[in-house]
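Student: I have a structure open on my screen and I'd like to learn how to read it. Could you walk me through it, one feature at a time?

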Amino acid sequence: MQIKNKKNPLDRTNLETYTTSQLLELADEYGIDIPEELNRRFIIGELLEVAKELDEDKKETIVITDSVVENAELPEGYNETMIDVILRNPISLYVYWDFSDIKLRELSENQAPVELKVCFFEDAESEQSTDTFNIQIDLESKNQYIIIPGGKKYVRVDLLCASENERDSILAVSRRVAIPQGNETLLNARPGMDLKMNEIMKLSGTQELLKDHFNSHRQSFY
């Protein structure tokens, strides 16, 4: 396999800033055969393997590094369908997701409703959820805050394509996150309630978060 000289090193940080199409062009330039719809992380891994082989064979000096590139512009998406969650505080989640170009085009053409399914579990290993609720989203959205009902221990959020004629199709599943326990005031906090908080808890912004969530999102509270 003949490798062309490159001015810029093949390092992970640089490759992460490339779009999927740019990664495919780079792989083609290095003679790497990439199947269609392959995950971008696999493409990056293949390019790093080439760099490693070249270094071992002493044919070319290619630096593999995890150095930080200053002022690098990250792409808006990575052309993959995914979802993940971050626990903002004991009563709220930040959920973010994305669609691959193919899946987004398919959903737009079919006009299929897309939803978030919030699933709660008793422990980290439970397969059966103890409680769930759905939140409808639009295809232009990519993130949302979700209030967690009191007394829940673990949470996961699924990205679904709902259909009247078929079972809901799971597009992506987030990791499972543990919810901190212990503070009854936070566990029972809901929009519109007069919460009795000490000054330290008020600094967390919980009261403002509940009010803003109630006014801005379509999540039901119970």
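Student: How many aromatic pairs does the structure hold?

Tutor: Bear in mind that this is a predicted model. The structure holds three aromatic pairs. In general, you describe a pair of aromatic rings by the distance of the centres and the angle of the planes. Take Y94 and Y96: their centres are 6.0 Å apart with 25 degrees between the planes, and that pair is stacked.

Student: Which charged residues lie over the faces of F120 and F121?

Tutor: K152 lies over the face of F120, 5.4 Å from the ring centre. Over the face of F121 you'll find R176, at 3.7 Å from the ring centre.

Student: Now the core. Which residues touch the most other members of the largest nonpolar core?

Tutor: The general idea is that in soluble globular proteins, nonpolar side chains tend to be buried together. Here the largest nonpolar core has 25 residues, and V95, L116 and L159 touch the most other members. The elements giving two or more residues to this core are β1 (82–89), β2, β3, β4, β6 (154–161) and β7 (169–173). Click on L116: leaving out residues up to four places away in sequence, its contacts include V95, W97, F133, I146 and L159. Apart from this core lies another, of 14 residues, with L23, L26, I32 and L48 among them.

Student: How do I read a helix, then? Which residues of α2 are buried?

Tutor: Look down the axis and ask where the buried residues point. In helix α2 (residues 20–29), the buried ones are T20, L23, L26 and A27. Seen down the axis of α2, they fall within an arc of 120 degrees, so they line one face of the helix. E25 and D28 are exposed on the other side. Just after α2, G31 takes a positive phi of about 75 degrees.

Student: One last spot. Where is S100, and what does its side chain lie close enough to for a polar contact?

Tutor: S100 is in the loop between β2 (92–98) and α4 (101–110). A polar atom of its side chain lies 3.1 Å from the backbone nitrogen of K103, a residue in helix α4. S100 has a relative accessible area of 15%, so it is buried. Leaving aside neighbours within four places in sequence, S100 is in contact with N79, E80 and T81.

Student: And what does K103 contact?

Tutor: Beyond neighbours within four places in sequence, K103 is in contact with T81 and L171. K103 and L171 are 68 residues apart in sequence, yet 9.0 Å apart in space, C-alpha to C-alpha. K103 is partly exposed, with a relative accessible area of 21%.

How values were computed:
Residues are numbered from 1 along each chain as its sequence is written. This is a predicted model: local features need pLDDT of at least 70, side-chain atom pairs count only at pLDDT 80 or more; totals for chains, interfaces and linings use all residues. Side-chain values use heavy atoms; hydrogens and water are left out. Helices (H or I, at least four residues) and strands (E, at least two) are DSSP runs, numbered from the N terminus. Buried means under 20% relative accessible area, exposed over 50%, partly exposed in between (1.4 Å probe, protein chains only). A polar contact is a pair of N or O atoms within 3.5 Å; within protein, one must be able to donate a hydrogen and the other to accept it, and residues adjacent in sequence count only if both atoms are side-chain atoms. Contact means heavy atoms within 4.5 Å. Rings of Phe, Tyr and Trp (its six-membered ring) pair if their centres lie within 6.5 Å; planes under 30 degrees apart count as stacked, over 60 as edge-to-face and the rest as tilted. A charge sits over a ring if NZ of Lys or CZ of Arg is within 6 Å of the ring centre and within 35 degrees of the ring normal. The arc is that of the directions from the helix axis to the C-beta atoms. A nonpolar core is a set of buried Ala, Val, Leu, Ile, Met, Phe, Trp, Tyr and Cys residues joined through side-chain atoms within 4.5 Å.
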